[in-house]
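Subject: Structure for you to look at

Hello,

Please find the structure below. My notes on it follow.

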Amino acid sequence: MLRALVAIPALGLLAAACTSQPTTTTPEPDPLAPLLTAARTDAATAQAAATAFPGYAATFGVVAALRATHATALATEIARAAGTTSSTPATPASTTATSGATSAGLASTESATMSNLISRLRTAQSQAGTLVPTVPSYRAGLVGSVSAGCASMVEALGG
Amino acid sequence: MSGQLASNTISALQNALTAEYAAIWVYGVGTAFVQTSTYANYLSAGLTEHVARRDAIEKLLSGDGVTPQPAQPAYLTPQPVTNSSSAMTAMALAESEAEVAWRAVLENTDDASLRVTGLGALVDSAVRQTRWRRWSGQSPASIPMPGLPTGT
């Protein structure tokens, strides 16, 4: 029964597919948008770091994959709420999640880059956490999982 | 005051209570097999945390006039706990089930205070699950989306 409560928002996709006219007023920015930007940036940084520091590619790869997972989940929900679907791109999810993202925090050494990423993950954990009490209930789990996922990543990195 | 909690919130809290009972039981079994002091201290701290969460849920439910469902005498682990490594794997699994239950609490309440409590539990369990995975050599240790049944 509890799983059904999570599944119910998916029904909105059926109605959303039929949405036609854009509104004439400027839409409110989705409060999840900054979380998405941060997730994409972190994924891009970690991917760049995996290339720049091949000896640490596995670790940076895990960070990139985790934040790309966050980006995909957030982007899907933002698109759903806006009345569009995010299932149209033919490109793989990881490319979709990071396309156009800049890498902030790529430093000249592996340890400095890792330190930057840990700092960004802590910030992301906190920012997502702040939203948990305020978003509609069907979003609270998503945002909570993103926050907890960032905390898990910091722990795994020994931070 | 009784009857303030919505029925779906109550259901979610009862499920979280079950997850906390299970974690307490699994951690209790783990104490016999996790002897190295660093690991044992962390186990002890985790046990304390789960007991505190159990007590908090019981108080919340009782305060609302709801009978907390009782603990079971034992809980099933997918594999037998026979050594330190299997104990850590079992505790990691118990944390992942607590994450699922607490995420459901977040999705079934509009009470900001309960959301904050639920988030604290979700994050804390994610960190503990990660630590047990790291110490038992499960890689990657990190969980991208704690609280989703597959964790991804």
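What percentage of the 159 residues of chain A count as buried? The share is 40%, where buried means under 20% relative accessible area, exposed over 50% and partly exposed in between, with a 1.4 Å probe and protein chains only.

This is a predicted model, in which local features need pLDDT of at least 70, side-chain atom pairs count only at pLDDT 80 or more, and totals for chains, interfaces and linings use all residues. Residues are numbered from 1 along each chain as its sequence is written, chains are lettered from A and ligands numbered from 1 in the order in which they are written, and side-chain values use heavy atoms, with hydrogens and water left out.

Chain A

Chain A has seven helices and zero strands; helices (H or I, at least four residues) and strands (E, at least two) are DSSP runs, numbered from the N terminus. For contacts (heavy atoms within 4.5 Å) between residues at least 6 apart in sequence, 79% join residues at least 24 apart.

A:Thr45 sits in helix 3 (residues 33-52) of chain A. A:Thr45 counts as buried because its relative accessibility is 0%. Leaving aside residues up to four places away in sequence, A:Thr45 touches A:Ser103, A:Ala104, A:Gly105, A:Leu106 and A:Leu117. With A:Ala104 the side chain of A:Thr45 also reaches the backbone oxygen, at 2.7 Å.

A:Glu77 belongs to helix 4 (residues 57-82) of chain A. A relative accessible area of 10% is why A:Glu77 is buried. Its contacts, again without residues up to four places away in sequence, are A:Leu32, A:Tyr138, A:Arg139 and A:Leu142.

Chain B

Helix 3 (residues 84-107) of chain B has 24 residues and spans 35 Å from first C-alpha to last, close to the 34 Å expected, which is 1.5 Å times one less than the number of residues. In helix 3 of chain B, 19 of the 24 residues are buried.

The second largest pocket has a volume of about 340 Å³. A pocket here is an open set of points on a 1 Å grid over the protein atoms alone where a 1.4 Å probe fits, with protein on both sides within 12 Å along at least five of seven lines; lining residues have an atom within 4 Å of a point. The volume is the space filled by probe spheres set on the points, which are joined across faces, edges and corners. Of the 20 lining residues, the closest to the centre of the second largest pocket are B:Leu5, B:Leu60, B:Thr109, B:Asp111 and B:Leu114. Helix 2 of chain B gives the largest share of the lining, four residues.

Regards

How values were computed:
Polar contact = N/O pair within 3.5 Å; in protein donor to acceptor, adjacent residues only side chain to side chain.
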